[in-house]
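The sequence and the model are shown below.

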Amino acid sequence: MSAQLEVLGEILARLIRDKEKFEKLLENPVDAHSDECARQALAGTELLIADVHVQIYKLSADDREAAPGSEPDSPPPATWFRIIE
């Protein structure tokens, strides 16, 4: 499962970079159409980021349940959020 978490971390890193790019586009809009396109892209990217976070949490929860001695209510380990740049 760590390979899946690593891939999700890479996807998350890319989505965060895209989100930052769209936010910069909104700072200096060219015209109304491009501004609206950037807003829609930003909203979609934020939804994808939230979905990736959910997937990471689910995989982390599965890892905790599979690990002996882990507590089910404990937060995910710090390594789950490893972003590979």
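## Basis of the description

Helices are DSSP runs of H or I, at least four residues long, numbered from the N terminus. The structure is a predicted model.

R39 and D35 lie 4 residues apart in helix 2, so about one helical turn separates them. An α-helix has 3.6 residues a turn, so residues three or four places apart point the same way. The side chains of R39 and D35 meet in a salt bridge, with an N to O distance of 3.3 Å.

The two partners fall into separate accessibility classes. R39 is partly exposed, with a relative accessible area of 46%. D35 has a relative accessible area of 16% and is buried, because the cut-off for that class is under 20%.

Helix 1 covers residues 2–27. At 1.5 Å a residue, its 26 residues should span 38 Å, and the end C-alpha atoms are 37 Å apart, in agreement with that expectation.

The buried residues of helix 1 are L5, L8, G9, L12, A13, L15 and D18.

D18 forms a salt bridge with R14, and the closest N and O atoms are 3.3 Å apart. Because D18 and R14 are 4 residues apart in helix 1, about one helical turn separates them. D18 counts as buried at 15% relative accessibility, whereas R14 counts as partly exposed at 47%. R14, D18 and K21 are linked in a network of salt bridges.

E23 is partly exposed at 32% relative accessibility, and K19 is partly exposed with a relative accessible area of 25%. The count of salt bridges comes to 4.

T45 is found in helix 2, which comprises residues 32–66. The relative accessible area of T45 is 7%, so this residue is buried.

Which residues does T45 contact, leaving aside its neighbours within four places in sequence? They are L15, D18, K19 and F22.

Terms used. Residues are numbered from 1 along each chain as its sequence is written. This is a predicted model: local features need pLDDT of at least 70, side-chain atom pairs count only at pLDDT 80 or more; totals for chains, interfaces and linings use all residues. Side-chain values use heavy atoms; hydrogens and water are left out. Helices (H or I, at least four residues) and strands (E, at least two) are DSSP runs, numbered from the N terminus. Buried means under 20% relative accessible area, exposed over 50%, partly exposed in between (1.4 Å probe, protein chains only). Contact means heavy atoms within 4.5 Å. The expected span of a helix is 1.5 Å times one less than its number of residues.
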